[in-house]
Amino acid sequence: TGDIYVGDLINYTITVTNNGPSNATNVQITDNLIPQFRFVLANGTYTNNTQKVNWTIPFIANGTSATVCIQVKVLSNGTLKNIATVNCTENKTDVPSNETNVTVKPQVNLTVIKTIENSTAHVGDLVNFTIIITNNGLSNATNVTVVDLLPLGMIYKNAGSNSTDYNVYNRILPNKTNEVKWVISKIMNGTSVKLWLQVNLT
C-alpha cells in the first residue's frame, strides 16, 4: 500500500459473512464516512446520501459471504478511521465491522520567490528584499522555517513578515556573515506569506 497522502484515493472492501443457521435477507450494509473522506465510487446496488453509503443485498445464504467495495478521497491528514455496520430482516441490530485506521500524511508544496527593490544600489545604501512563500499543496504547512544567508558585504538591519504568528532571528556566523531565519507557525494551503528583509551594503 505504501504511504497515504492528502488527495490520495483509498479503496475499502467490506465483507459480510453469514455464520448463522438461517439465511439472511434484505441485508443492509452502511458505511458512514467521516468528514475527512469524500465519496468517489462504489460497486453493487447502493445509495449515497451525503456521507452515508448504503448497500442492499437481497439474500446471503448461511455459511456464505458477500463483498462490497467503496473508494474515497482523503481530504485531510491524521489517523482516520472507517467503520461499517450491517443488519438484515432476521437481525435488526446494527453489527459493526472491525475499525480500520489509516495514517494520512500531509501534502505540502512550498515555493519561494525572492526579489530585490533596487538592483543598482551602492555601498552604504539600504537594500530591501521581499520573499514570497506560497503553499501550493493540499494541506496546511506548519512551523515553516526560511533561512537567508547573507554574503559578505551585506549587514542585517531589519526583517519582518505579514504573517500574524511568526518569529525572526538574526545570527552572526563565525565568518562574520549574517544568518536570518523566519519561523512561521502556519501557511494555509492555497495562500502566501510575505517576508521582508533590509540590509546595509558595506
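So, the side chain of Ser161 reaches the backbone nitrogen of Ser163 at 3.0 Å, a polar contact, meaning a pair of N or O atoms within 3.5 Å where, within protein, one must be able to donate a hydrogen and the other to accept it, and residues adjacent in sequence count only if both atoms are side-chain atoms. This is a predicted model, where local features need pLDDT of at least 70 and side-chain atom pairs count only at pLDDT 80 or more, while totals for chains, interfaces and linings use all residues. Residues are numbered from 1 along each chain as its sequence is written, and side-chain values use heavy atoms, with hydrogens and water left out.

Back to Ser161. A polar atom of its side chain also sits 3.0 Å from the backbone oxygen of Lys194. Ser161 belongs to strand β15; strands here are DSSP runs of E, at least two residues, numbered from the N terminus. Leaving out residues up to four places away in sequence, Ser161 touches Tyr166, Val193, Lys194, Leu195 and Trp196, where contact means heavy atoms within 4.5 Å.

Is Ser161 buried or exposed? Buried, because its relative accessibility is 13%; the cut-offs are under 20% relative accessible area for buried, over 50% for exposed, and partly exposed in between, with a 1.4 Å probe and protein chains only.

Now Ser163, in the loop between β15 (154–161) and β16 (166–172). Ser163 is buried too, at 14%. Its side chain reaches the backbone nitrogen of Asp165 at 3.2 Å. With residues up to four places away set aside, Ser163 touches Ile184 and Val193. Its C-alpha is 7.2 Å from that of Lys194, 31 residues apart along the chain.

On to charges. How many salt bridges turn up in the whole structure? Three, each being a side-chain nitrogen of Lys or Arg within 4 Å of a carboxyl oxygen of Asp or Glu.

Asp3 pairs with Lys105, closest N and O atoms 3.2 Å apart. That pair links distant parts of the chain, with Asp3 in the segment before β1 (4–5) and Lys105 in strand β11 (residues 100–105), 102 residues apart.

Asp148 pairs with Lys114, at 2.7 Å between the closest N and O atoms. Here strand β14 (residues 141–149) holds Asp148 and strand β12 (residues 110–116) holds Lys114, 34 residues apart. Asp148 counts as buried because its relative accessible area is 10%, whereas Lys114 is partly exposed at 41%.

Last one: Arg171 with Glu179, closest N and O atoms 3.2 Å apart. Arg171 is partly exposed at 44%, and Glu179 is buried at 16%.

Key:
Helices (H or I, at least four residues) and strands (E, at least two) are DSSP runs, numbered from the N terminus.
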